[in-house]
Amino acid sequence: MKPFIFTRIQYNSGDWDTDQRMPANILNSLVEYTTIPIDEKEKVVLLSSNEIFKSPFCYLSGHKLVEFSSQERDHFRKYVENGGFVFVDDCNHDIDGLFAKSFEQEMARTFGAKALQKIPNTHDIYNCFFKFEGPPTTSFELNGWGDDLVHDYLKAVQINGRIGVLYSNKDYGCEWDYDFRNKRFLAEDNTKFGVNIINYALTV
C-alpha cells in the first residue's frame, strides 16, 4: 500500500493556503488510530496540473471567491468522476459568505444544478471508522462571524453512490489547525472525524 499523501489543491481564484497546521494534525491522527501508512509532508498541487490525478484524496478550502478556469473545472470534474475524493471546507464561518456562495455556484457549473445535496446523518462516512450521529460541531460555528448557526448536515456530490466531493460549512480546517502535540490537553480528540473522512476516501 502506497503511503497516504495529504494533497491540497491550489486554485487561481481566492485564497487556497489556509489552516497550515491542520494536515500534520490529521496525519498524526492517522498514525495514532489506523494502520494507514503516511507521507509526513503535505503536497500542494495546482488544479490545472495533471499531478492532481495521482492523489486519491485532495483538500480544498478558502475564505474568498472560488471561480475555476475552464481547465481547472475540467480537471476537477474528471478527477471526481474518475474516482477521486475532494474534501472542501468553508473557512468563512458564514453560510452566506463569498466562499460558500461561489463554491456552490462552481459545483452547479461543474456537475449540474442539483448535484450538491445534503447527505443523511446515517451516511457511511459517519460510521466507517469512529461512530458519529452526524457531522461533529465546531467551536467556529458558534463564535465565527456572528451568525451563531450550527450546520447539522454536510453536503456532497455523489458519483454512482460514492461521495466524490464532501462539502462542509463547519470550518473543520480551523478547528483542527493546531499543533498535534496539544491534543493531549483535549478531553476528546476533535480530529477523529478527519480520520473517518480519509478512511472513507481510501476505501469506498
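Trainee: How many bridges join strand β4 to β7, and do they run parallel or antiparallel?
Mentor: Four bridges join β4 (residues 85–90) to β7, and the two run parallel. Strands pair here if DSSP finds at least two bridges between them. Strands (E, at least two residues) and helices (H or I, at least four) are DSSP runs, numbered from the N terminus.

Trainee: Which residue in β7 is the bridge partner of aspartate 89?
Mentor: That is serine 168. Keep in mind that this is a predicted model, where local features need pLDDT of at least 70 and side-chain atom pairs count only at pLDDT 80 or more, while totals for chains, interfaces and linings use all residues. Residues are numbered from 1 along each chain as its sequence is written, and side-chain values use heavy atoms, with hydrogens and water left out.

Trainee: Got it. What about β6 and β7, parallel or antiparallel?
Mentor: Antiparallel, over five bridges, with β6 spanning residues 155–159. Lysine 155 has tyrosine 167 in β7 as its bridge partner. β6 and β7 form a hairpin with two residues between them, and asparagine 160 in the turn has a positive phi of about 55 degrees.

Trainee: Why is β7 described as largely enclosed?
Mentor: Seven of the seven residues of β7 (residues 162–168) are buried, so the rest of the structure largely encloses this strand. Buried means under 20% relative accessible area, exposed means over 50%, and partly exposed is in between (1.4 Å probe, protein chains only).

Trainee: Switching topic: how many disulfides are there?
Mentor: Zero, by the rule used here, which asks for a pair of cysteine sulfur atoms within 2.5 Å. Cysteine 91 is in no disulfide, and its nearest cysteine sulfur, that of cysteine 174, is 4.6 Å away.

Trainee: Are those two buried or exposed?
Mentor: Cysteine 91 is buried, at a relative accessible area of 0%. Cysteine 174 counts as buried too, at 19% relative accessibility.

Trainee: Last one: how many cavities of 30 Å³ or more are there?
Mentor: One, and about 40 Å³ of space lies in the largest cavity. A cavity is a set of points on a 1 Å grid over the protein atoms alone where a 1.4 Å probe fits but cannot get out, and lining residues have an atom within 4 Å of a point. Points are joined across faces, edges and corners, and the volume is the space filled by probe spheres set on them.

Trainee: Which element gives the most to the lining?
Mentor: α6, with three residues. The lining includes Phe6, Trp176 and Gly194.

Technical notes. On a 1 Å grid over the protein atoms alone, a cavity is a set of points where a 1.4 Å probe fits but cannot get out, and a pocket is an open set with protein on both sides within 12 Å along at least five of seven lines; lining residues have an atom within 4 Å of a point.
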